[in-house]
Amino acid sequence: EPASTTSAAVSSGVGDYEIVPELGSLTSNKYQFAFAKGVLSIQQAVLTVTANGASRIYGAANPSFTASYSGFVNGEELSTSDVKGTPSLITAAVASTSVGNYDINAAIGTLTSKNYSFRFATGLLKIEKAKVLVTANNASRIYGTENPKFTASYSGFANNGSLATAGVSGEPLLQTAATKSTGIGSYAIEAAAGTLASGNYSFEFATGTLTIGKATLEVRVNNQQRIYGQSNPAFTVSYAGFMNGENEQSSQLTGSPVVSTLANEKSEAGTYTIEANQGTLSAPNYDFRITFGQLAIGKAILKVTAQNANKLYGQANPAFTVTYNGFVNGESLTNSGVAGRPALNTLANENSGVGIYPITASLGTLSSTNYDFTFEGASLTIGKASMKIKVASATRMYGVANPRFTVEYRSEEHTSELQSH
């Protein structure tokens, strides 16, 4: 048979190459051979361009897509082949596209090659859920009160989204081990999924802190009263505001406040503040608010006693006098601040007959800052006045009847005359 040769080798590029015939082993007794050249047409190999799979989280920009190539011949690879340019790799998914799988479509783009034609295969873009951080907000309350309603804040929403626009439904579970009876301190507020749900987000959780502060225990200084001149009574306090049904013992209240007043035995009647400070008071779960009290110093009672008096019938009433009983602090009438005089009255006068008449005592012009007054009356005894009876001398003629004799009654208090035979 004839032989043929061509300059084309396996690595020869696409194109037309002469096929040159030669006699080879042809023989014939009847023919001579004439040879005509043929053409070897080398066509493009098919190169498959496959979009590589990719992934991103919801809300992120698409990554730079890449492609892989299969079908190179002659031991070639992309870098040693005559392939130039890059394929077009696009997807319909954008940053706001929901979680899911989306085609990455491959097309010719700027790809060129003499020796290869291109076939394209799609890849897959997997959009995964973005992570939102759910943080329990810090909260505070007072010892003995119920826990407040806990709230959470959210961070990590994509596409400028917010809780209201992100399609998140439900609420996180926010809880703490602290109860009403838990002592002061800081306690974790744990966050968990609860009923939270979202097509585009998964959730991570961060704890918050519940701070339990001391409750306020009111220390009320009890009001007191005493009389002017007396020593101050023992001052006491009462407490209000215990939580959880506690009392002085169960609340671990220890120590005592310091209670005092500026008033002493010699302080004038009036109202004085009873002050207090915390002193040695302490309780693990309470602060203290102190309310002052008042010491009311009342007036002492001064007894005003009218003194009994005597006079004789017809005399003017004597000046009535009194005695005072009840002064305190070693005081007397002269240094007690008592001013004025009591009113001392009787119905008896110069013409009142012999007998006993009451003397009444009343306030008159008496006044005092530190004393009130009580009164006790007395008696005025009117005795008989002395009377001197004198018969006047008389004359008559012999044989005449006696004249009417005149008698004169004389008293230092009253003077009267009486005619008598």
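## Aromatic cluster

Tyr58, Tyr154, Phe157 and Tyr201 come together in one aromatic cluster. This is a predicted model. Across the structure there are 13 aromatic pairs. Two numbers describe such a pair: the distance of the ring centres and the angle of the planes.

## Asparagine 200

One member of the cluster, Tyr58, also touches asparagine 200. Asparagine 200 sits in the loop that links β15 (185–192) to β16 (201–206). Is this residue buried or exposed? Asparagine 200 has a relative accessible area of 12%. Buried means under 20%, so asparagine 200 counts as buried.

What does asparagine 200 contact, beyond neighbours within four places in sequence? The partners are Tyr58, Ser98, Val99, Lys129 and Ala130. With valine 99 there is a polar approach: a polar side-chain atom of asparagine 200 lies 2.9 Å from the backbone nitrogen of valine 99.

## The β20-β18-β23 sheet

Three strands make an open sheet in the order β20-β18-β23. Pairing in this sheet is mixed. From one strand to the next, the twist averages 30 degrees.

How do β18 and β23 pair? Strand β18 spans residues 215–221 and runs parallel to β23. The two are joined over 6 bridges. Glutamate 218 faces arginine 289, a residue of β23.

Technical notes: Residues numbered from 1 in each chain as written. Predicted model: local features only at pLDDT ≥ 70, side-chain atom pairs only at ≥ 80, totals over all residues. Heavy atoms only, no water. Helix = DSSP H or I, 4+ residues; strand = E, 2+ residues; numbered from the N terminus. Buried < 20%, exposed > 50% of the residue type's maximum accessible area, 1.4 Å probe, protein only. Polar contact = N/O pair within 3.5 Å; in protein donor to acceptor, adjacent residues only side chain to side chain. Contact = heavy atoms within 4.5 Å. Pairing = 2+ DSSP bridges. Axes fitted to C-alpha atoms, helices over the stretch in contact; angles between N-to-C directions. Phe/Tyr/Trp six-rings, centres within 6.5 Å; stacked < 30°, edge-to-face > 60°.
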